[in-house]
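Hello,

Here is the structure for you to look over. My notes on it follow.

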Amino acid sequence: MNQSEEFVRLMTDYQGRLYGFILSMVCDVNEANDLLQETNLVLWRQSDDFQMGSDFKAWSFRVAHFQVMAMRQRKIRDRLVFDGPLLESISSRARLNDDHYQRRQGRLDDCLKRLSSQHRDVVCRFYEQRESMATIAKALGRNPNAVGQMLFRIRKNLLACVSASAHEKVTP
């Protein structure tokens, strides 16, 4: 994979997280969408400055933060504008929330690996491949209600696993 393909992959992988970061600072869906597009343009224009292997998240979040600050300067005449320290506090909290999300995602990945192959297959079919309960039931030779109950139990067990994993890593 060449550098520009890798860069596009990184941008694609971080779109949802960048959007969440931006939205947490501006609290307006339309502004967040506009700022995400502006951030993407800046990231793309500065892609030659990015060193592959370095922290893309930190770099892209910093660019997004600067885009929010620039928007803030453009809207300084509006009645409701967050001051610099408050915006910095919100930005810091958003970074922590993203780190928390990343840790939970890692725990979920570990917990998914612990599932039986049949349960992993059902989860994959339902959530990744977007198959209906009826389609999954037919493939398994079960009725759709049984598959629904199975998914309910799998989700319940995954939640317990992710929560238990969080406690294991926190306690010494």
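**Lys57 and the aromatic rings**

The charged end of Lys57 sits over the ring of Phe61, 5.6 Å from its centre. "Over" requires NZ of Lys or CZ of Arg within 6 Å of the ring centre and within 35 degrees of the ring normal. This is a predicted model: local features need pLDDT of at least 70, side-chain atom pairs count only at pLDDT 80 or more, and totals for chains, interfaces and linings use all residues. Residues are numbered from 1 along each chain as its sequence is written, and side-chain values use heavy atoms, with hydrogens and water left out.

Lys57 belongs to helix 3, residues 56-74 (helices are DSSP runs of H or I, at least four residues, numbered from the N terminus). Lys57 counts as buried because its relative accessibility is 11% (buried is under 20% relative accessible area, exposed over 50%, partly exposed in between; 1.4 Å probe, protein chains only). Neighbours within four places in sequence aside, Lys57 contacts Tyr14, Arg17, Arg95, Asp98, Asp99 and Gln102 (heavy atoms within 4.5 Å).

Now the rings. The whole structure holds ten aromatic pairs (ring centres within 6.5 Å, taking the six-membered ring of Trp; planes under 30 degrees apart are stacked, over 60 edge-to-face, the rest tilted). Phe7 and Trp59 are edge-to-face, because their planes meet at 65°, with centres 6.0 Å apart. That pair joins distant parts of the chain: Phe7 is in helix 1 (residues 3-26) and Trp59 in helix 3, 52 residues apart. Both Phe7 and Trp59 are buried.

Phe126 and Tyr127 also pair edge-to-face, at 4.9 Å and 85°. Phe126 is partly exposed at 23%; Tyr127 is partly exposed at 36%.

Regards

Note on methods
Helices (H or I, at least four residues) and strands (E, at least two) are DSSP runs, numbered from the N terminus.
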